[in-house]
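I went through this structure element by element and kept short notes. The entries follow in the order of looking.

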Amino acid sequence: MRKFILTVRPEPDGALDVAALVRRNVPALSAPLMAPSYHAPEIPASGKFSGVILTSRHAVTGLCAATGGKLDDRIAGLPAFAVGRATGRAAREAGFRNVTIGHGGGAGLVPLITEAAPRLDGPLLWPAAVHRGFDMAAALDGIADVVTMPVYEMRETKTLPDDAVAAIAGGNVLGVILMSARSARLFRERLLALGQDRAVASMALIAGSDAIVAAAGDSWAETFVSKRPARARLLAIASLLYDRRTRS
């Protein structure tokens, strides 16, 4: 039976990962461990903002929800600093006209914002998750003021899809892509609940950082750590792993 790459990102990101891998002839399954729940808080009345920091597409959706579903010009006209092409594309689709794209997670935006800081005349608005693995306000301390506005929460899904459970139980998962420490911990918890914690002995861990590796626990068949926590790099590692295994 063929082996699969498992991606555990929330939808629609998981489906996009699967589609990207399938285009490379790599069998893949989506098994979301979390799903976004959006809030609609009022935008903080802290004066004029000079820009917006967008560290995920969910932040864009959450910001739109907070502004009644459509960005008004006082927000859409601000410079937007977005992590990755997908978030940048979502920002433009939402109405932002001036989008700068950085790579490598939230930390990848720090040098871009630092360079732009002399031109910024007010605080930056950061629509963010309730639970955050990276503190943008701390990273920009002394460079720019950041007003954090939680607009969404990643909540645990109750179950894994049946096809993913069957692949795990059958020893047919070649590798698992993990992009956060929280998802790494949740994945091991799900395996334990399924009575399949030892299944990692036949799986490769494809992680976005050393912190994710630590959270994922031990006993994995192989471990690969991307030099940068970028989706494209992790998918490339998964593709190379599959090609290597199928040729051997």
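**Entry 1: conventions.** I count two strands as paired if DSSP finds at least two bridges between them. Helices (H or I, at least four residues) and strands (E, at least two) are DSSP runs, numbered from the N terminus. The model is predicted, so I took local features only at pLDDT of at least 70 and side-chain atom pairs only at pLDDT 80 or more, while totals for chains, interfaces and linings use all residues. Residues are numbered from 1 along each chain as its sequence is written, and side-chain values use heavy atoms, with hydrogens and water left out.

Entry 2: I looked up the strand order of the open sheet of five strands and found 2-1-9-10-11, with parallel pairing. Strand 2 (28–30) and strand 11 (222–225) are at the edges with a single partner strand each, so one side of each has no neighbour in the sheet. From one strand to the next the twist averages 20°; for such angles, axes are lines fitted to C-alpha atoms, for helices over the stretch in contact, and the angles run from 0 to 180 degrees between N-to-C directions. I then checked strand 10 (residues 204–207), which pairs with strand 11 in the parallel sense over four bridges. Leucine 205 has threonine 223 in strand 11 as its bridge partner. Helix 1 packs on this sheet and touches strand 1 (4–7), strand 2 and strand 9 (173–178), where contact means heavy atoms within 4.5 Å. The direction of helix 1 makes about 175° with that of strand 2.

**Entry 3: aspartate 17.** I found aspartate 17 in helix 1 (residues 13–23). Is aspartate 17 buried or exposed? Its relative accessible area is 1%, so aspartate 17 is buried (buried means under 20% relative accessible area, exposed over 50%, partly exposed in between; 1.4 Å probe, protein chains only). I listed its polar contacts, meaning pairs of N or O atoms within 3.5 Å; within protein, one atom must be able to donate a hydrogen and the other to accept it, and residues adjacent in sequence count only if both atoms are side-chain atoms. The side chain of aspartate 17 makes such a contact with the side chain of threonine 7 at 2.9 Å and with that of arginine 231 at 2.5 Å. Leaving out residues up to four places away in sequence, aspartate 17 touches Thr7, Arg9, Arg231 and Leu235.

Entry 4: I read the order of the open sheet of six strands as 3-8-7-4-5-6, with mixed pairing. Strand 3 and strand 6 (98–102) are its edges, each with a single partner strand, so one side of each lacks a neighbour in the sheet. Direction ignored, neighbouring strands of this sheet are turned by 25° against each other on average. Strand 4 (residues 51–54) and strand 5 (residues 79–83) run parallel and are joined by three bridges. Isoleucine 53 has phenylalanine 81 in strand 5 as its bridge partner. Helix 2 packs on this sheet, touching strand 3, strand 4, strand 7 (124–129) and strand 8, and its direction makes about 110° with that of strand 8. Helix 8 lies across strand 3 and strand 8, at about 15° to strand 8.

**Entry 5: helix 2.** I noted that seven of the ten residues of helix 2 (residues 57–66) are buried, so the helix is largely enclosed by the rest of the structure. Among them are His58, Leu63 and Cys64. At the start of helix 2, a side-chain oxygen of serine 56 comes to within 3.2 Å of the backbone nitrogen of histidine 58. Just after the helix, glycine 68 takes a positive phi of about 80°.

**Entry 6: helix 7.** I found Ala164, Ala167 and Ile168 buried in helix 7 (residues 162–169). These residues cover an arc of only 100° around the axis, which puts them on the same side of helix 7; the arc is that of the directions from the helix axis to the C-beta atoms. Asp162 and Ala169 are exposed on the other side of helix 7. The cover over the buried residues includes strand 1, strand 2, strand 9 and helix 8. Glycine 171 follows helix 7, and its phi is positive, near 70°.
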